[in-house]
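Colleague: I would like to learn how to read a helix and a chain contact from a model. Please take me through one case.

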Amino acid sequence: MTAKLVTLHANDNVLICCQQLEASEQISINGQDYELLEAIDLGHKVAKASINKGEQIIRYGVPIGSATQNINVGEHVHIHNMKSDYIPSHTRQSRVGEQ
Amino acid sequence: MKGYLRSDGRKGIRNVVVIAYLVECAHHVAKTIVSHTNDPDVQLIGFPGCYPNDYSLQMMKSLCTHPNVGGVVLVSLGCEGFNREDLEKTIKESGRPVETLVIQKAGGTTSTIEQGVTHAKAILESAQQLEPVNMSISELVIGTICGGSDGTSGISANPAVGVCFDRLIEQDATCIFEETGELIGCEHIMEERAETPELGQKLLQCVEKAEKYYTKMGYGSFAPGNAEGGLTTQEEKSMGAYAKSGASLINGIIIPGELPSKKGLFLMDVVPDGEPTFGFPNISDNAEIVEMIASGCHLTLFTTGRGSVVGSAISPVIKICANPHTYRNLSDDMDINAGTVIEGIKSVEEVGQEIFDLVVEVSRGKESKSEALGHKEFILTYKHFDSNQANNANTEFSPACGA
């Protein structure tokens, strides 16, 4: 059976989604239950801890960028609330993470 | 395992004849020679530009004398800047049969195609006379790239390739990973894996160069599909990409077209030297695959999360799919399903062993999926490396069409 969310490294503050999760689905993080506010796709990140604006996002035990706003446990962590500390990312519509 | 022994001592796992156009103006003629010859071992490569470029000349020399190549037909328009004489000389010196056709002297399209088909068939026949000899895993050079990465790549396909790389290096093979723009953020952990402290410094400089270059270009090595697949930042993508290199010591840095000086694990520095001149370092995945081949790779391990279908001329491509949904959607194009790791069915080590076993099978002649489907993509563009420049300081410039 597939785990819904996996921790890749003990120091991580995000979990990785290993199966498609639907909005309002119940997920369990550190023994606490949370309700997902939105659908989360395979390979996307969910906050494992509450993360303050400016705090680093840790995956694989290393920083992969920083939060652009406060993020609650169980929230989707992506281009809307974090940015690169190196080079801005872009989507087909726009660049993100630029000042 | 059997291989085709070449005069420089390297052995090929394929024995193909390449038809190479030396400017876009000769593309159609070269392509038609390939289609009329109609043999999977006669393949198209080429360079579209009319202006001379030391990097692309060096790349074409390396590609035309790759151990998987048994003979060459060069197709020139006649007035382009590409140094066809120098390329032909290098191929001849390697002991391979080569013919050069100059369309302006050969009577135009129809006549050049006819002559090209005759030459291609004759060279193929002569190349096929070569009896393969015994070859061992230690003689293999294997490259890896990723394309269409997503949030699953760094936890399934890429670390599985890393396991395969570690096994290959244990057996004394040579492995190459690349795309320094996709190592931005990993430079310090990579430095710790350098064989010597001096190499560690060079690894740092290499990634620093990439960061500067991509910052000037205005985009990192990050496509919209990466974000749709759950990757948010360059450094997150980098950490996943870096996993392809495994855990072995890093023994050196090479530039595209340069052969590793010894066995072991090498980083290819794909980012040009100096200020950005010709645009993005590699405009698409096949540009990376071609550089791997030019540095001697017998085959390339291509990991993908979002999905890719490409193969390559000259050397087979093995595709490893990171994402189980993508695998189900594109299974005819995928050689290995690493999505099984995401679904908890297999371990990274098990998939790494599967990749290793397939490397051996494809080296023994089994067709990879992209080979069987006829994928033979090829792209080569302009670049500048200081060390290419040194070899060809006297190249005279002859500008495009109007001249």
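Colleague: What should the 16 residues of helix H14 of chain B span at 1.5 Å a residue, and how far apart are its end C-alpha atoms?

Modeller: Bear in mind that this is a predicted model. The expected span is 1.5 Å times one less than the number of residues. For H14 of chain B, residues 348–363, that should give 22 Å, and the end C-alpha atoms are 22 Å apart, so the two agree.

Colleague: Which residues of H14(B) are buried?

Modeller: Among them are Val351(B), Ile355(B), Phe356(B), Leu358(B) and Val359(B). Just after H14(B), Gly365(B) has a positive phi of about 120°.

Colleague: How is the size of an interface often given?

Modeller: Often as the accessible area lost when the parts come together. Here about 2700 Å² is buried between chain A and chain B, and carbon and sulfur atoms give 60% of that. In chain A, the residues losing the most area to chain B are Tyr86(A), Ile87(A) and His90(A), together 28% of what that side buries. The contact draws on 31 residues from chain A and 33 residues from chain B.

Colleague: How many salt bridges and polar contacts are there between chain A and chain B?

Modeller: There are 2 salt bridges and 13 residue pairs in polar contact. One of the salt bridges joins the side chains of Lys45(A) and Glu236(B), at 2.9 Å from N to O.

Colleague: Which strand gives the most to the side of chain A that touches chain B?

Modeller: S7(A), with 4 residues. By class, that side of chain A has 15 nonpolar, 10 polar and 6 charged residues.

Note on methods: Residues are numbered from 1 along each chain as its sequence is written. Chains are lettered from A and ligands numbered from 1 in the order in which they are written. This is a predicted model: local features need pLDDT of at least 70, side-chain atom pairs count only at pLDDT 80 or more; totals for chains, interfaces and linings use all residues. Side-chain values use heavy atoms; hydrogens and water are left out. Contact means heavy atoms within 4.5 Å. Buried area is the accessible area (1.4 Å probe) that two parts lose on being put together, summed over both. A salt bridge is a side-chain nitrogen of Lys or Arg within 4 Å of a carboxyl oxygen of Asp or Glu. A polar contact is a pair of N or O atoms within 3.5 Å; within protein, one must be able to donate a hydrogen and the other to accept it, and residues adjacent in sequence count only if both atoms are side-chain atoms. Helices (H or I, at least four residues) and strands (E, at least two) are DSSP runs, numbered from the N terminus. Ala, Val, Leu, Ile, Met, Phe, Trp, Tyr, Cys and Pro count as nonpolar, Asp, Glu, Lys and Arg as charged, and the others, Gly among them, as polar. Buried means under 20% relative accessible area, exposed over 50%, partly exposed in between (1.4 Å probe, protein chains only).
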